[in-house]
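Here's a friendly walk through one protein structure. Have a look at it first, and then we'll go through a few of its parts.

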Amino acid sequence: MAARLVAAARKEPRMLAPACAPVSAPSYEAVRRFSESLCEPLVTEDFVIQSMPDVSPTRWHLAHTTWFFETLVLSKYVPNYRPYHRDFVYLFNSYYNSVGEQFPRSNRGLLSRPTVKDIFDYRAYVDEHMRRVLTRKDAGESSELASVIRIGLNHEQQHQELILTDIKRVFSCNPLYPVYRAADPAPGRSMEPLQWMSFEEGPRSIGSMGEGFSYDNEHPRHRVLVHAFELATRLITNAEYLEFIEDGAYDRPELWLSDGWAAVREQGWRAPLYWEKREEAWWNFTLSGIRPIDPAEPVCHVSYFEADAFARWAGAALPFEWAWEVASETAQIEGNFAESGRFHPAPGPGADEEKGGPSGLAQMFGDVWEWTCSPYVAYPGYRPVPGPLGEYNAKFMCNQMVLRGGSCATSRTHVRRTYRNFFPPAARWQFTGIRLAQ
Ligand SMILES: [Fe+2]
C-alpha cells in the first residue's frame, strides 16, 4: 500500500518555486555589500560574541552566507573549483544534513579562529569566483543556477536581519549599552484610536502567484474559505501594552496558553524583551541606545505567547495568516524597512493624519513582524525543492508560528505579501509585534 501511495504521489505534477529571471551582477554586489555595511559600526570584539544559542556571532553570519554560495553554487556549478578552506564546509554549515555534519550551533561563540579578517578574505575570494559565474551564459539561461543564486541572495538578506537582531541581543547584555547607530527618537505624537477594517466572507486564493522570487513554502497558491473578519488598522502600541502590564498581565494565568504561562514563570517575563524599569518609568534598549519608552511606537520584542495573551486580554484575537494576506492586498508594500537605517519601529499615523493609504491599514509592512495565530505548516500540495535546498524551509514545519509583513530590520526588496516568516512561540529577540483581529 505504501509503495502504491509513493508511486501515485510521484505522478503528480511537481510544484516548485518558479524559475527565476537571470541574476544580475549589480544585484549580487548590492546584497553582499549591504551585509558588510551593517558591520561598519562594529569593532572586532563585537563580531565574535554569542549571547545565547539562538544568536550567532556577526562573523558567523558573514561566513555562513558565503558558505552558501561556495557550497551550493561554486562547488556544484564550477568545474575544479577549489574551496577557500577545506574545513569551512563543516564550520559554517548551519543545518544542511544532506551537505554534511555541522559545527554545533551553540558553540559558534567559542571560535576565535578563523579571525574576522580571515572571514572578510573568504568573502572576497568567493565574490571573485561568483563574479565569473554571473557573467556565464548559463547563469542567465539556466533557471536552476539562477534560481540557486537568487535563493542565496534572499538567504543573505535574511541573515542581514539576523546580524541586526543578534548584535542587539549581544549589546543588550552589556551594562554600558553600546550604541550601534545613533538616531534621534521619532517625534512624540498622539495615536489615532484603534479602528477595524472589515473583510467579507468568501473563497479567496493565497500563496505565491509565481511572479518574481518566492520561497517554496509560499507554494502552491491555493483556495481558502475566508471567514468574515476585521483587522486592526494599526499595530498595538507601547502605551496599549503598558495598560496590559499594569492590569497584572504577567500575574494572571487565565490570560495565557499553558506553555506561555510556563515561559512567564520559568523565564521571569515581566515586560517585552529589552524593557527595563528605572524608578517608576519604563525604558527600552534600542540599537540607538537605551531610552524612555515612546508610548506611540509599536510594541516590539514580544513572543507569540505575549501577543496571544494580549489579544485575549483585549477581547480580540491574532489574525490567521490567510486573513493577513487577504487584507494585505489592499495595502501598499511600503513602510519602515532596513533601508531607513533606523532599525527601530516607528509610530503609526497620528490622530490628525492621513490613515494608511486607500485601505486604511497602516504599518502592514516594515516596523515589526506580525504574529499570526497560524502554525507554520505546509500549504496543501506543498513539495519541497529537491536537493539540499529542500531543507531550507520544509523541515521546520512543526512547533513554530507564522509571522507576516517584515520589520524595520528587513530589506524592502526582501518582503512581499505572501512571505511566511516563522519562529518558535517563545522567541522574543526578533522585531516582533502585535496586530489584532476579530
Ligand atoms: Fe542560513
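Two strands count as paired if DSSP finds at least two bridges between them. Keep in mind that this is a predicted model. With that in hand, take strand 5 and strand 6 (residues 281-286): they pair in the antiparallel sense over 4 bridges. One detail of that pairing is Trp-275, whose bridge partner in strand 6 is Asn-284.

Zooming out, 3 strands make up an open sheet in the order 5-6-7, with antiparallel pairing. Strand 5 (275-278) and strand 7 (289-292) sit at the edges with a single partner strand each, so one side of each has no neighbour in the sheet. On average, neighbouring strands here are turned by 35° against each other, ignoring direction.

Now for the helices. Two packed helices are described by the angle between their axes and the distance between the axes. For helix 3 (residues 58-77) and helix 7, that angle is about 175° and the axes are 9 Å apart. The cut-off for roughly antiparallel is over 145 degrees, and helix 3 and helix 7 are therefore roughly antiparallel to each other. Here's who takes part in their contact, by class:

| Class | Residues in the contact of helix 3 with helix 7 |
|---|---|
| nonpolar | 15 residues |
| polar | 7 residues |

Is His-159 buried or exposed? Buried means under 20% relative accessible area, and His-159 counts as buried because its relative accessibility is 10%. Leaving out residues up to four places away in sequence, His-159 touches Trp-60, His-61, His-64 and Thr-65. With His-61 there's also a side chain to side chain polar contact, at 3.0 Å.

Notes. Residues are numbered from 1 along each chain as its sequence is written. This is a predicted model: local features need pLDDT of at least 70, side-chain atom pairs count only at pLDDT 80 or more; totals for chains, interfaces and linings use all residues. Side-chain values use heavy atoms; hydrogens and water are left out. Buried means under 20% relative accessible area, exposed over 50%, partly exposed in between (1.4 Å probe, protein chains only). A polar contact is a pair of N or O atoms within 3.5 Å; within protein, one must be able to donate a hydrogen and the other to accept it, and residues adjacent in sequence count only if both atoms are side-chain atoms. Contact means heavy atoms within 4.5 Å. Helices (H or I, at least four residues) and strands (E, at least two) are DSSP runs, numbered from the N terminus. Axes are lines fitted to C-alpha atoms, for helices over the stretch in contact, and angles run from 0 to 180 degrees between N-to-C directions. Angles under 35 degrees count as roughly parallel, over 145 as roughly antiparallel, 65 to 115 as roughly perpendicular and the rest as oblique. Ala, Val, Leu, Ile, Met, Phe, Trp, Tyr, Cys and Pro count as nonpolar, Asp, Glu, Lys and Arg as charged, and the others, Gly among them, as polar.
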